[in-house]
Amino acid sequence: MTMVLRRGAMTLTFLFQTPPPSLYLSHNSSLSIPRTTITPSPLSFRHSSIPASKTLTPSEKPLLFIPPGLEPAQINHSMILPFSNIVVGPYAGDSRIKDVQFVKSSPRAKDCPKDDRPEFAILGRSNVGKSSLINSLVRKKELALTSKKPGKTQLINHFLVNKSWYLVDLPGYGFAKASESAKTDWSSFTKGYFLNRNTLVSVLLLIDASVPPQRIDFDCANWLGRNNIPITFVFTKCDKMKAAKGKRPDENIKEFQEIIKQNYKQHPPWIMTSGVTGLGRDELLLHVSQLRNYWDQ
């Protein structure tokens, strides 16, 4: 299956395959992953010791997100955003956020703003650090309400950035205290937003890097992929230290990537972030700028 960056004759695609049965586990359980040794790709976590002009090997290029306007042969390591697989291309532009305004909260997709401005939807499991990341991106405290109670966001919230594009805060999925009917309602109106929002450029799917890969996150990613909705995986809480009996965020991310590779012949874009330290903030906004500028052409 092919996932297309929307609008007109756009051709930016990710090849999505039907997920293997091993991904369909019980709703809230962690994925059972074989404990094999994963050799990290040099693209997984860039370090300054890698020569900027180093030519990429053929095996590295399928792991990259190559934006429009570039050919694989043109890419070297200096063009890859730190702590990501995202290549900066010719459509990257001014990514500074100068002005942010709350526009409206909508209970249904049909109630969302009706204009042609491009938008980026932020989605993730409840308690993934979504509000903290939004506040970090816009550098405006409490723009998105942060709550100790998972699942507080129950509406589609539109924020207008620089009077030119929208950042959309969607309800978190999978919070434990929600009734089954509430989960169904959430699924219904959120999926309606994805399927009927022609101005949606990409979903920023937030993944908690401080915990092992979760089946519910793969369910969400698989549904988006099957419906040709572009995804950027945004790993949150990458500042967290290793838990007493757990793994470091980079180890959890590598496990997540290994599973994603079963579904995607060409890896979607991904980036590491922290709402606390600001890790990945500027890089994520630069990635958004190149997708937005390509969409606008």
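Strand β4 runs parallel to strand β6 (residues 165-169), to which four bridges join it. The model is a predicted one, in which local features need pLDDT of at least 70, side-chain atom pairs count only at pLDDT 80 or more, and totals for chains, interfaces and linings use all residues. Residues are numbered from 1 along each chain as its sequence is written, and side-chain values use heavy atoms, with hydrogens and water left out.

Helices (H or I, at least four residues) and strands (E, at least two) are DSSP runs numbered from the N terminus, and two strands pair if DSSP finds at least two bridges between them. Within β6, Val168 is the bridge partner of Ala121. Strand β7 (residues 200-208) is also parallel to β4, with six bridges joining the two; there, Leu204 is the bridge partner of Ile122.

Burial is assigned by relative accessible area: under 20% is buried, over 50% exposed, and in between partly exposed (1.4 Å probe, protein chains only). Six of the six residues of β4 are buried, so the strand is largely enclosed by the rest of the structure. In a regular strand the side chains alternate between the two faces of the sheet. In β4 both faces are covered, by buried Glu119, Ala121 and Leu123 on one side and buried Phe120, Ile122 and Gly124 on the other.

Glu119 lies in β4 (residues 119-124) and counts as buried because its relative accessibility is 0%. Its side chain makes the polar contacts tabulated here (N or O atoms within 3.5 Å; within protein, one must be able to donate a hydrogen and the other to accept it, and residues adjacent in sequence count only if both atoms are side-chain atoms).

| Side chains | Polar contact |
|---|---|
| Glu119 and His158 | 3.3 Å |
| Glu119 and Arg197 | 2.8 Å |

Leaving aside neighbours within four places in sequence, the residues in contact with Glu119 (heavy atoms within 4.5 Å) include Tyr166, Val168, Tyr193 and Leu200.

Rings of Phe, Tyr and Trp (its six-membered ring) pair if their centres lie within 6.5 Å; planes under 30 degrees apart count as stacked, over 60 as edge-to-face and the rest as tilted. By this rule there are nine aromatic pairs. One of them, Tyr91 with Tyr294, is edge-to-face, at 5.1 Å centre to centre and 70° between the planes. Tyr91 lies in the loop between β2 (13-15) and β3 (100-106) and Tyr294 in helix α5 (residues 281-296), so this pair ties together parts 203 residues apart in sequence. Tyr91 is partly exposed at 26% relative accessibility, whereas Tyr294 is buried at 8%.
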